[in-house]
Every structure is written in structure tokens, then in C-alpha cells.
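Biologist: Could you walk me closely through how the strands pair up here, and what packs against them? I'd like the cut-offs along the way.

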Amino acid sequence: MICDLVGQRKKVGVVATGHKVIDTLLRSISHEAEKRSMSVRLAHKDDPDDENENRDLPTARIVDGNEEALHLLESGEIDVLGGTPWLWARPEFRKSVDVLFIDEAGQMSLANALAVTQAANSLVLLGDPQQLDQPQKGVHPEGVDVSVLQHILGEHKTMPDGRGIFLRETRRFGSAICNFTSEVFYEGKLRTWPEIGLEMQRLVGGPIEGAGLFVVDVVHEGNRNASDEEVEAVARLVNGLLAPGSQWVNRDGVAAQVAPKDVLVISPYNAQVSRISDRLPAGVEVGTVDKFQGREAPVVIYSMATSSPELAPRGMEFLYSLNRLNVATSRAQCAAIIVASPRLFEPECKSPRQMQLANALCRYLELAKVVDGW
């Protein structure tokens, strides 16, 4: 869409809650422009004091000052400018671009979205309300903490006809993961992109073989936000995946040794993240669900840490969060692996809401292959 607009000599803005999200979209624009053999001049108004790992990369021109960013737009030296709401809400940026794209609109508050509307004639909201919301601090009046995208969707899980476009094809994973993700989180509307070989993606020669959903049962008692038993199981699993002969086959059918960068390890709790990090080889990224939203890898391991639903810090609403489970499992290109106490799949629900939360995890188990011996 952005390349099409630039081809029509339109000025385009990109806004998101963080610079890494903006950088990812600018990189995608650059990639698309290269495929089209067209020139799209990109700039990113970044914070000069921010230790952004992408500042020195050549995708976009890095701009430190607001005045310079505005001059580049007005003079026609750039086609696309990326910046946070703090940039686009400034009075001098009023009507500075033709179209402003709000990326990760499922994380941007309505107030921030309204503040940036003055910068453009038209807005495009991009996002997924079934993933994590923007972290909230403080107390807000009822409804204010709902994202701008959720205000448009209302009670719907996916975009209703007539209000916008639902992108129905995933280019990340094959049907084994897609069927679960679509049924539980997207009203059965999501399907795999048929033309790019997603069904080819699989693991071979290691402790996990094939593609899809897997469960590793680890029995433990009394753990709330950290489990040494699961730490050891994750460490054995990762070491097995990285052992010689353990490979993953990409969508082109090309097999390669599983490398540390091919594995993401996720947990709901920082305490478990810290313990797992101390046990894994260098190069394997470990973090909470929030850290990996928007990322992908061939293998994703989700360590839930809590021994039973009753012991879960912040209750079932946090541990069984539908958005959190969706983000954690849908990062995987070929294998999503939940490492958890079997008691988490047997909750004693006391309300319809708890039943709704538990249903997603129990459905995962129904569709998954249980891996023994851990």
C-alpha cells in the first residue's frame, strides 16, 4: 500500500508506540520497493539518546531533530517518514503527509491515535487486537485503556465486513499450527498462504520431529512464577534441538542445522525467564511474551512455570490470557512447544470467564502431540 502511494507521489507517515516497530515496517517497505525496482526514500525520526540497535543500518535515513524531519518532508527529499506519536502530534506537523499508517494499532491508545490524526488527511490502522495490548500504567476512566483498533472492532475478534479488511492468509506457519490459531482466536477465518510452501516447514533428526503443536509434561508442585523442573526440561530440549543432526526444513524445502537464532524461549514470568536464561547456550533468546510480539522463529518453547491454576500469580486471567497464549504459540514457523505442569490442563473453573480462558489451552492439548520422556 505504501509503495503504491509513493508511486502516486503521495507523502506517507508511519507511526507506532516504539522505534523497533517503525524500523520493522520501514525495512519491509524497502524490501517491497526493491522487488518492484522502484525508489522509495525513507527516513526515521529516532531519539538520539536511544540506544537503538538498528540506528546504524542503511534501510532508512536516521533523523535526530524534529525540524530536520519536517524539512525533509516539505522539501520532497523523502517519501516516507517514521516517528512516534510525540512527533506526529506536534502542531508544526499538521497536514504534513497525505496518509499516516498507525502500525500495531492494537497497542495504541485512542488518545494517542486522536492526537496524531492532525498530521494527515487519511489514516490506515494496522494491527491485531487478538495480541497483547499496550502496557498500561496508572488508573484510567472506563474505556480509555482500549486501543484505537479495538474501538473500531467493538466485540468482534476480526474485522467485520464494511469496516475494514481482515488479512486471511498467514505467511508464517503451515496448517498444523494455523488450524488451532484460526479456530481459537480468529473465528475460523485464518488460513495458510497456499503458494509459498509453508507445509514444507518441519523439524527432522532431533528430539522433536515434524511440525505443529507439541506438549512436554513436567510434573512439579508448589511453584508459582518459576519452576526449576521446567528449566531443566527446557535446557535438555534446547540442547537436543541444537545437537548435530537436528535440522529444520524451510518453506523452500532446504534443510539446515538448527541454530540458536532459530529458537525462541518464552515464559509469562520474569523470574522464570531469568532462570532459563542462565541455563541456555549463548544466542538463544529468552523473554516474556511482550518481548517477542511481532517476532518469529522456526521453534518456540513456552514454559508456563506455575504448578497449578490456583497458584498462578495474578490468577487465571493472566496465566491463561487468550492474547498471551496466541502471541506465544503463533511466533512459531514450524513447532510450538508448551512445557507445563499437566495440572494446568485440568483447571476447576468457577465462572464462565474461567471456562473461556481454560478452553483455549485445553483445545491446544487436544490438537497437540504429547512428547514423552521429559
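**Strand pairing and its helices**

Modeller: Strand 2 (residues 42-45) and strand 4 (residues 80-83) run parallel, joined by three bridges. Pairing here takes at least two DSSP bridges, while strands are E runs of at least two residues and helices H or I runs of at least four, numbered from the N terminus. Bear in mind that this is a predicted model, so local features need pLDDT of at least 70 and side-chain atom pairs 80 or more, while totals for chains, interfaces and linings use all residues. Residues count from 1 along each chain as its sequence is written, and side-chain values use heavy atoms, leaving out hydrogens and water.

Next comes an open, parallel sheet of six strands in the order 14-13-15-16-10-17. Its edges are strand 14 (285-287) and strand 17 (369-370), each pairing on one side only. Inside it, strand 10 (residues 212-217) and strand 16 (residues 332-340) share six bridges in the parallel sense, and Val216 is partnered by Val339 of strand 16.

Now for the packing. Helix 8 (residues 228-242) lies across strand 13 (263-266), strand 15 (297-303) and strand 16, at about 165 degrees to strand 15 (axes are lines fitted to C-alpha atoms, for helices over the stretch in contact, with angles from 0 to 180 degrees between N-to-C directions).

Helix 8 also meets helix 9 (residues 270-277): their axes come within 9 Å and cross at roughly 45 degrees. The two helices are therefore oblique to each other (under 35 degrees is roughly parallel, over 145 roughly antiparallel, 65 to 115 roughly perpendicular, the rest oblique). On the helix 8 side, Asp228, Glu230, Val231 and Val234 touch Gln272, Arg275 and Ile276 of helix 9, where contact means heavy atoms within 4.5 Å. The residues of that contact split into three nonpolar, one polar and three charged (Ala, Val, Leu, Ile, Met, Phe, Trp, Tyr, Cys and Pro are nonpolar, Asp, Glu, Lys and Arg charged, the others, Gly among them, polar).

Methods: Buried < 20%, exposed > 50% of the residue type's maximum accessible area, 1.4 Å probe, protein only.
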